[in-house]
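Please find below a colleague's note on the structure shown here. The numbered points may be read alongside the model.

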Amino acid sequence: MNTAFNLLNYPMQARQRRLRWRWGSGLVGGLLGLALGAAALQGLSLELDALASERDTLQVQSAQRLAQAGKDKVQQEALDLAKGQQDLLLQVQQHQQAWVRLHQAVMQEAGLSGWALERLQVDGDRLELQGRIRDAQALSSAQIRLSEKLQSPLTLVSLVAKPVDLGDRPASDGGHAFVWQGPWHAVSAVVKSAPGRAP
């Protein structure tokens with residue numbers, strides 16, 4: 001082992017060199033840490049910008065979807081309204097056709113069977129026909145034929161063999177007053193089903 005004394009390596013200078021090395025390495029380490037921190041912050045900032053851009057894109061897409069959903073809802077409501085109006089029109093047409101069938105059937109059957117219609121009344125879903133006939137035997141067959149023509153069964157609810165005073169009209173001799181009743185589709189039920197109307 002060489003134990004020679006080196007006069008150029010004074011303990012004071014060695015300590016100063018160690019101190020400078022420590023300060024230099026600490027400074028380099030600090031600068032390197034700052035650079036790495038700045039790079040990390042820069043990367044985080046870029047990620048945050050990308051996330052913000054993606055969020056904005058998603059918000060725009062969400063707004064577009066909501067707008068499209070609103071348009072689809074309005075379009076569906078318009079289609080439902082049109083379908084409801086079409087259904088209502090169909091019901092009204094069917095109701096008018098039923099009235100035409102009723103009028104034609106009553107006129108034909110009255111002429112055929114020799115009975116006279118004195119009163120026709122529609123009350124809700126019930127149809128009531130009041131008339132007078134001379135031959136009570138023909139009443140049953142007339143009832144059956146009229147029910148078939150109306151496609152609705154009529155029921156005899158009253159048959160009176162004596163003349164009935166009808167107020168300003170004179171009573172007939174020898175006739176029979178009768179009342180038929182049957183089901184009928186009410187106009188109010190058709191109107192209440194109209195779209196957009198309050199019940």
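**Notes on the predicted model**

1. Ala142 is found in helix H2, which covers residues 137–150. Helices (H or I, at least four residues) and strands (E, at least two) are DSSP runs, numbered from the N terminus. Ala142 is buried, as its relative accessible area is 0%.

2. Residues are numbered from 1 along each chain as its sequence is written, and side-chain values use heavy atoms, with hydrogens and water left out.

3. How many helices and strands does the secondary structure of the protein come to? There are 3 helices and 4 strands. Along the sequence they follow the pattern α-β-β-α-β-β-α. Of the 199 residues in the protein, 21% are buried.

4. Helix H2 also contains Leu139. Leu139 counts as buried, because its relative accessibility is 3%. Between the C-alpha atoms of Leu139 and Leu159 the separation is 9.8 Å, with the two residues 20 residues apart along the chain.

5. The loop between H2 and strand E3 (155–160) holds Gln151. Most residues other than glycine have a negative phi. Gln151, although not a glycine, has a positive phi of about 55°. Is Gln151 buried or exposed? At 66% relative accessibility, Gln151 is exposed.

6. Helix H1 spans residues 11–113 and includes Arg20. Arg20 is exposed, with a relative accessible area of 54%. Arg20 gathers with Arg15, Arg17, Arg18 and Arg22 in a surface patch of positive charge. Patches are made of residues with over 30% relative accessible area and no salt bridge; like charges are joined within 9 Å, and nonpolar side chains (Val, Leu, Ile, Met, Phe, Trp, Tyr) within 5 Å. Lys and Arg count as positive and Asp and Glu as negative, whereas His and the chain ends are not counted. The place of a charge is taken as NZ of Lys, CZ of Arg, CG of Asp or CD of Glu.

7. Glu109 is another residue of helix H1, and Glu109 is buried, with a relative accessible area of 0%. Which side chain does the side chain of Glu109 contact? The partner in this polar contact is the side chain of Arg145, at 2.6 Å. A polar contact is a pair of N or O atoms within 3.5 Å; within protein, one must be able to donate a hydrogen and the other to accept it, and residues adjacent in sequence count only if both atoms are side-chain atoms.

8. Side chains of opposite charge can pair when their charged atoms come close. A salt bridge is a side-chain nitrogen of Lys or Arg within 4 Å of a carboxyl oxygen of Asp or Glu, and by this rule the count comes to 8 salt bridges. One of them joins the side chains of Arg132 and Glu118 (3.0 Å, N to O). This pair links distant parts of the chain, 14 residues apart: Arg132 is in strand E2 (residues 126–133) and Glu118 in strand E1 (residues 115–123). Both residues, Arg132 and Glu118, are buried.

9. A network of salt bridges links Arg119, Asp123, Arg126 and Glu128. Glu128 pairs with Arg119 in a salt bridge whose closest N and O atoms are 2.4 Å apart. Glu128 is buried at 10% relative accessibility, whereas Arg119 is partly exposed at 31%. In the salt bridge of Asp123 with Arg126, the closest N and O atoms are 3.8 Å apart. Asp123 is partly exposed at 44% relative accessibility, and Arg126 is partly exposed at 33%.

10. A nonpolar patch on the surface is formed by Trp99, Met107, Leu117, Leu120 and Val122, with about 390 Å² of accessible area together. Accessible areas come from the Shrake-Rupley method with a 1.4 Å probe; for residues, only the protein chains shown count as cover. H1 and E1 are the elements that give two or more residues to the nonpolar patch, and E1 provides the largest share, 3 residues. Trp99 lies in helix H1 and is partly exposed, at 32% relative accessibility.

Conventions:
Predicted model: local features only at pLDDT ≥ 70, side-chain atom pairs only at ≥ 80, totals over all residues. Buried < 20%, exposed > 50% of the residue type's maximum accessible area, 1.4 Å probe, protein only.
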